Amino acid sequence: MQQFNVVISGFERYPGVEVNPAVEVPRALAEQGLGAVAGDFEDPLADVRVNIHAVSLPISFANAWPALRDAIEAARPDIVIATGLKHDARGVMLERCATNLMDAAKPDADNATPRRVPIDPSGPAAYWTRLPLRSILADFTRDGIPSTLSSDAGTFVCNSLFYSLLNWTATQDHVLSGFVSFPPVCEDRKAQRGLPLSQLVAAGRDVVRETVRYHRSPSSGEILIA
């Protein structure tokens, strides 16, 4: 049986957020796994074992990436999916691009507020995700999960982590990585923003499933960045 190791990260407690999807979704995936494929579809991963490792990171420019890198070195994953929270989002946002910029409008957990400085002065201006966004979006549509593409992950710690992750991934031959932003947890399905936790966990499973499937049989048609 083929085996895949997946690291999925989130961030520690956000101020004022009672239920943090960037903690709860990785935890649920690590504890419950991918489960059975929904509906009457044949499971393309029936012969694959997927081990999921969850890690919570500090909301820190200086320490988020080193903490994730430590988890990566311990798990030696084939896939790394970082997640965060977008407070004003209605649905799940698939991040396409990480930019080489830190520009904080508020302090991070270490009270740091870098303003308009590069993450890596010698690095490229941006990196594009290599997750199969087209097929992930198709799964979201099938499962009734509101979602959209996002041009970038902002200029706060989420983007800094995303850039550092893709910068590391660029040196790896067989590792796929990307970033997913979750909306707030809201159990009222008619609310203007947020989604029930069960839908967010289902979204996380779709992301992992499609990325594992793509890793096994990559196709450029499944990369959607525009």
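1. Basis of the values. Because the model is predicted, local features need pLDDT of at least 70 and side-chain atom pairs count only at pLDDT 80 or more, whereas totals for chains, interfaces and linings use all residues. Residues are numbered from 1 along each chain as its sequence is written, and side-chain values use heavy atoms, with hydrogens and water left out.

2. The sheet. Six strands form an open sheet in the order E2-E1-E3-E8-E4-E7, and their pairing is mixed; here helices (H or I, at least four residues) and strands (E, at least two) are DSSP runs numbered from the N terminus, and two strands pair if DSSP finds at least two bridges between them. Strand E2 (48–57) and strand E7 (147–150) stand at the edges, each with a single partner strand, so one side of each is left without a neighbour in the sheet. From one strand to the next, the twist averages 25°.

3. Strand E3 and its partners. Strand E3 (residues 79–85) runs parallel to strand E8 (residues 176–182), to which it is joined by seven bridges. Within this pairing, Val-80 has Ser-177 of E8 as its bridge partner, and Gly-84 has Ser-181 of E8. E3 also pairs in the parallel sense with strand E1 (residues 2–11), over four bridges, and Val-6 stands opposite Ile-79 in E3.

4. Burial of E3. Seven of the seven residues of E3 are buried, so this strand is largely enclosed by the rest of the structure; buried means under 20% relative accessible area, exposed over 50% and partly exposed in between, with a 1.4 Å probe and protein chains only. Ile-79, Ile-81, Thr-83 and Leu-85 point one way from E3, while Val-80, Ala-82 and Gly-84 point the other way, and all are buried.

5. Helices H1 and H5. The axes of helix H1 (residues 21–32) and H5 come within 9 Å and cross at roughly 60°, where axes are lines fitted to C-alpha atoms, for helices over the stretch in contact, and angles run from 0 to 180 degrees between N-to-C directions. That makes H1 oblique to H5, since angles under 35 degrees count as roughly parallel, over 145 as roughly antiparallel, 65 to 115 as roughly perpendicular and the rest as oblique. The contact (heavy atoms within 4.5 Å) includes Val-25, Ala-28 and Leu-29 of H1 and Leu-200, Val-201 and Gly-204 of H5.

6. Helices H3 and H5. Helix H3 (residues 133–142) and helix H5 (residues 197–216) have axes that come within 9 Å and cross at roughly 140°, and the two helices are therefore oblique to each other. The contact is made by residues including Ile-136, Asp-139 and Phe-140 of H3 and Ala-203, Val-207 and Glu-210 of H5.

7. Two residues with positive phi. Most residues other than glycine have a negative phi. Arg-76, although not a glycine, has a positive phi of about 50°; Arg-76 is found in the loop between helix H2 (64–75) and E3 and counts as exposed at 69% relative accessibility. Phi of Arg-116 is likewise positive, near 50°, and Arg-116 is placed in the loop between strand E5 (97–99) and strand E6 (126–128), where Arg-116 is exposed with a relative accessible area of 58%.
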